Amino acid sequence: MDLAYTAEEEAFRDRLRTWLAEVLPKLPPKPVATDWPGRRAYDAAWQRMLYDAGYAGLHWPADAGGRGATPTQHLIFLEESEKAGAPYVGANFVGLLHAGPTIAAEGTPAQRARWLPPILRGDEIWCQGFSEPDAGSDLAALRTRAVRDGDDYVVTGSKIWTSHAEVADWCELLVRTDPEAPRHRGISWLAMPMDAPGVTVRPLRTLAGSTEFAELFLDEVRVPAGNRVGAEHDGWRVTMVTLSFERGTAFVGEVVACRRVLGELARTARANGRWDDAVLRRRLGRLNAEFAALWRLTQWNVSEAMGVPPGHGGPPARAKPSVGEDSRPRGRSGGVPGTGGSVFKLRYSHARQELYDAAAEVLGGQALDAAHPWVADRLSALAYTIAAGTSQIQRNIVAERILGLPKGR
Amino acid sequence: MDFQLTDDQRALRDGTRELLAGRFGRDRLRAAVDDPAPDRGLWRELATAGFFALRLPEADGGVGLGLPEAVLVFEEVGRALLPGPLVAGQLLAGAVDGVATGERIVALCDGGADPVLWEHPDHCDVLIFVEGGAPERDGAVYRSAPAEVARAPFASVDPLTPLVRVTGRPRTTPLPGADASRLRREAALLTAAEQLGSAGRTVETAVGYARQRTQFGAPIGSFQAVKHLCAGMLVRAELARAAVYAAAVTGDALDIAGAKLLADEAAVGNARDCLQVHGGMGFTWEADVHLHLKRAWLRAERWGGAREAEERLAQALAG
């Protein structure tokens, strides 16, 4: 057990810090949340800066155009970026964290050459077409159909909760190619151009007031069969590869940000007199312990990932751990891939909501001002226990895959 | 950064678990409920295995390991619910003669607590008091002969930990070389490690029961309501684990306060949920669940409770 970074890792951190201090002042002004073209341009500009400096796709394997950085270097990158106030991955999220790594792992050489470089340069934006109105957390219940017609698939159906659809060039789309097969089989993974005829994007307004995602209507959209990544009907397995990239380090920067916000809450409470409220003070103290522990859990998960070959989301699945001996998720010594991410996500998503509830307590009546950044964050935090698998689904994953409890209702 | 157990650390943990499973199994645990006096034979056996001298330098006959290893060992102690002033033994080996070899049993008393409680008063040979309440403040450390300490009866909530309330100490001598704030810090950390072990054990107990117990024609573990209780237990234990292990590596007072807070919550919360999963069976004296819960309550009050930890962690934020 060792929390010290190596000299090489510290040198990487120093170079990164120097670079961030130099380039961040050159960023254009941050666009408002409703200005989607502006947001795309801003996120793309940041991605281009990363690319030019050699930080794009830091954690991608080198043969996919990335830097082949270790998970620890990636952790340092996310930590320092947040500390320096660098932009979030934003509209590049799906490309860099979902579609790109999936294509890198499962795509043909031609597919990798076509799609990976524009993602790394920030030239092309991707969105995710997984969720459907009648199949949210029950992803395998998706019904969007793709019928083979010559060299094309003809796709009909609809998707929902599609972030960045308004500005995306490509959609990683899950479609049902064999309606007769059991529901986890007969699904395929397609790269769909968003400007194809028959694609309609209808922005959805969230409870936070902005349009963070959209509904997608697909009416006989023709997608070349060559855009299928992985084998036909094998999309579920490909998707599991995608989702394994979502876990692990996806929330690293956010934990750093939450710890910073917590300090701001304490200082604000001192200034406005609410610090005298022992109940509130103790809540903030407890959250301090919680976010510190979430950071340590991140370091634990990253260290665990260091023990597995690069380019994959987790170690190969082995026999379920026998509860009664050791119930904890393990990577290097056997266990279930990605489940440490479920443990983290469960606690983090609730802690984030508690943080902004505490912020409202600190703000008092000011918490009714929707223009206050903490209020906007309080509203958006409500998505965290739903997005990327609801807390209920995560608990099922923990109970069944880590603890080995029987499947059921 | 490699925040994972080394092979040696895993071996130490597994070895300790085997030793305790062999020497303090369920029959022994239930016998201890009726007579919680520390088993002196087991004490010497633990000493032979290096339990008390774990962190003494090899030149002094110790094992030469560090706080992380001590934490792993105490996690196992917590899993097994082993009774006795073990934290005191680990902290005072080398400072009090005969402790490292298991010949003498030493107890450690927090003079800043209210009330001042003394564990296993009838079964220890030496009593050490740590004065003062403020965690960072240097306080005096005194040594007393148990017979000379005035006491009042105290009905311990934990059947495995007899307690008395200390009412007076007529004759005490300073313990040379003792560092009060370090003793407090490390006592809190090792207690947190015990809580972590207990929290892990109750997850396993709950899961084992949920798999085997059937109701409405199915194992209760197939019901989502039960599953979600169990998943919540694992999450609590894993968050506490990250905090406790990290605090063992840094040794930092604030890290330890946070780790103790989360480990206390995990041990108490998991014991409660384990009891709930056991249903009516869980409310009986025969089930072991209540022993975990009561010990967890007791440990949660030792070496800094939630109020103190939360206040300290809050002050650190505003600094």
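User: In this predicted model, which residue of chain B forms a salt bridge with A:Arg281?
Analyst: The model is predicted. The closest N and O atoms of the pair are 2.7 Å apart. A salt bridge needs them within 4 Å, so the pair qualifies. The partner of A:Arg281 is B:Glu311.

User: How many salt bridges are counted between chain A and chain B?
Analyst: The pair A:Arg281 and B:Glu311 is a salt bridge. The salt-bridge count between chain A and chain B is six.

User: Which helix gives the most to the side of chain A that touches chain B?
Analyst: Several helices of chain A each supply at least two residues to that side, including H3 (71-83), H7 (252-272) and H9 (339-363). The top contributor gives 18 residues. That helix is H8(A).

User: How many residues of the contact of H8(A) with H8(B) are charged?
Analyst: H8(A) brings A:Arg286, A:Glu290 and A:Arg296, among others. H8(B) brings residues including B:Asp255 and B:Glu265. The contact also holds four nonpolar residues and one polar. The charged residues number five.

User: What area is buried between chain A and chain B?
Analyst: The contact takes 60 residues from chain A and 53 from chain B. Carbon and sulfur atoms give 61% of the buried area. The total is about 5100 Å².

Definitions and conventions. Residues are numbered from 1 along each chain as its sequence is written. Chains are lettered from A and ligands numbered from 1 in the order in which they are written. This is a predicted model: local features need pLDDT of at least 70, side-chain atom pairs count only at pLDDT 80 or more; totals for chains, interfaces and linings use all residues. Side-chain values use heavy atoms; hydrogens and water are left out. Contact means heavy atoms within 4.5 Å. Helices (H or I, at least four residues) and strands (E, at least two) are DSSP runs, numbered from the N terminus. Ala, Val, Leu, Ile, Met, Phe, Trp, Tyr, Cys and Pro count as nonpolar, Asp, Glu, Lys and Arg as charged, and the others, Gly among them, as polar. Buried area is the accessible area (1.4 Å probe) that two parts lose on being put together, summed over both. A salt bridge is a side-chain nitrogen of Lys or Arg within 4 Å of a carboxyl oxygen of Asp or Glu.
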